[in-house]
Amino acid sequence: MTSLGSLPLRDDLRGRSPYGAPVIDVPVRLNVNENAFDVPADVTAALQERIAAISATLNRYPDREFTELRTLLAGYLNSVLHREGGAPDAQALASPSIEPDMIWAANGSNEVLFHILQAYAGPGRSALGFGPSYSMHPLIAQSTGAEWIEVPRGADFSITVDQAVEAVRTHSPDVVFVCTPNNPTGNSTPLDVIEAVYDATDGIVIVDEAYAEFAGPDFRTALNLLPGRPRLIVSRTMSKAFAFAGARLGYAAAAPELVDGLRLVRMPYHLSSLTQAAAEAALAHPDSLLAGVEELSHQRDRMVSGLRGYGFDVVASDANFVLFRGVADPTLLWTRLVEKGILVRDVGIAGSLRVNAGTDGETTAFLAALDEILSTHP
Ligand code: PMP
């Protein structure tokens, strides 16, 4: 039998492990930061209509520039900026600050990040992140041949201006990642840290805002920082708040010139007609799509107080998941929860587990299972 080791695999890929959240078929899955709610009925109806309308034209390649989708995504981001009241200047309310030519999209924000790293990192270059953070950032950077540099966050998982500036000056990376709200810890990074990182580097700064819609009122999006910062890119996704993970649609906003660089590395027609049609149909109903966000934030807060009630140290979360620390044996607790039909995530941080906000019933099931486990095995 052939083993992978005997094949002429790239030397820098030897010994690496692929991304692999365990997939177990249990009733309550709270492990991969999905949205717990089904796609709302008005969205599924619009989606079916659009797909039916284009299905006969699938003999043709899709719109390579996904023009309509970019316009809708720009419109959504402008509504975010205006709602936040943090528009970069007084004019922004009158004239949108995110134009369609500032938008990029791909099959999930993972692919958006891959395009950025392919264009702006690659062999002989480096990318830096503040860990613990999203496990795909190093994998994506390294898959382009770039070196990965991980700088530790503080004990409370924050990043300070001084620490960030020092890290960037010391390592001179070509790309810097700031994940906010951060996966897997849930905490956010203030804009002054991102501004300081930007000023300290000549490289590209990626702000991964996959969970931004779940954040509390103090959160400020880095979209506010785009004007005048041509090396900044803010990525988002329809996989989380929009309950659209299966459709695979991630996107980003940046200066048009930065976006032009991404065209050099994407495959022609990378967004299928089906993907574009589904995302466009969904984006025509943003309020329905985002309807679950408030409820999930409420369920997250229930998780936080429930877990604190059991004596765990819970990181304040701006996302749809919480990290709880003070777990004596994470592998054992993880296994006991699986035995009770509940899947959470061991993210490899000592003494901790991560759990997603579920529906009301799922959150109740998780807290009840925990209660049973802790009272039987205190
Ligand atoms: N960024 C972060 C921080 C994430 O946690 C995830 C998914 N877990 C992604 C990006 C990628 O999501 P998707 O490819 O579904 O957009």
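## Asn33 and the loop between β1 and α1

Asn33 sits in the loop that runs from β1 to α1. In this predicted model, Asn33 has a positive phi of about 60 degrees although it is not a glycine. Asn33 counts as buried because 22 other C-beta atoms lie within 10 Å, the cut-off being 20 or more.

Leu30 belongs to the loop between β1 (28-29) and α1 (41-54). Leu30 is buried too, with 25 other C-beta atoms within 10 Å. Leaving out residues up to four places away in sequence, Leu30 touches Ile342, Leu343, Val344, Val355, Asn356, Gly358, Glu362 and Phe366. Between Leu30 and Leu337 there are 307 residues in sequence, but their C-alpha atoms are 11 Å apart in space.

UniProt, in an unreviewed entry, lists Lys240 for "modified residue: N6-(pyridoxal phosphate)lysine". The loop between β7 (232-237) and β8 (250-254) holds Lys240. This lysine is buried, with 26 other C-beta atoms within 10 Å. Apart from neighbours within four places in sequence, Lys240 is in contact with Asn33, Asn35, Ala210, Tyr211 and Asn320.

There are 13 residues around the ligand, of which Gly108, Ser109, Asn110, Thr237 and Ser239 come nearest. By class, the shell has four nonpolar, eight polar and one charged residue.

The protein chain is divided into domain 1 (27-39 + 290-376) and domain 2 (41-285). Taken over C-alpha atoms, the centres of domain 1 and domain 2 are 26 Å apart. The contact involves 22 residues of domain 1 and 23 residues of domain 2.

On the domain 1 side, α10 (291-309) and β10 (321-325) are the elements that give two or more residues. Helix α10 supplies the largest share of that side, four residues. The side of domain 1 that touches domain 2 is made up of 13 nonpolar, six polar and three charged residues.

## The nonpolar core

The largest nonpolar core has 104 residues, and Ala105, Ile116, Leu117, Val205, Ala253 and Ala282 touch the most other members. Helix α3 (residues 109-120) gives the most to this core, seven residues. Both domain 1 (27-39 + 290-376) and domain 2 (41-285) contribute residues, so the core lies between them.

Leu117 touches Ala127, Ile140, Ala141, Thr144, Ala146 and Val175, when residues up to four places away in sequence are not counted.

## Helix α8

Helix α8 (residues 273-283) has as its buried residues Gln276, Ala277, Ala278, Ala279, Ala281, Ala282 and Leu283. The elements that cover these residues include α1, α2 (67-84) and α9 (286-289). One of the buried residues of α8, Ala282, is also among the residues that touch the most other members of the largest nonpolar core.

## Backbone features in other loops

Two peptide bonds to proline are cis. One joins Gly131 and Pro132, with omega about 0 degrees; Pro132 is in the loop between β3 (126-131) and α4 (136-143). The other runs from Asn183 to Pro184, with omega near 15 degrees. Pro184 is placed in the loop between β5 (175-179) and α6 (191-200).

Phe66 has a phi near 35 degrees, a positive value in a residue other than glycine. Phe66 is in the loop between α1 and α2. It counts as buried because it has 26 C-beta neighbours inside 10 Å.

Conventions
Residues numbered from 1 in each chain as written. Predicted model: local features only at pLDDT ≥ 70, side-chain atom pairs only at ≥ 80, totals over all residues. Near = placed C-beta within 6 Å. Nonpolar A, V, L, I, M, F, W, Y, C, P; charged D, E, K, R; others polar. Core = buried A, V, L, I, M, F, W, Y, C linked by C-beta atoms within 7 Å. Buried ≥ 20, exposed ≤ 12 C-beta atoms within 10 Å, placed from the backbone. Domains from an automatic or database assignment. Contact = placed C-beta atoms within 7 Å. UniProt positions renumbered as here; feature names shortened; annotations may be inferred.
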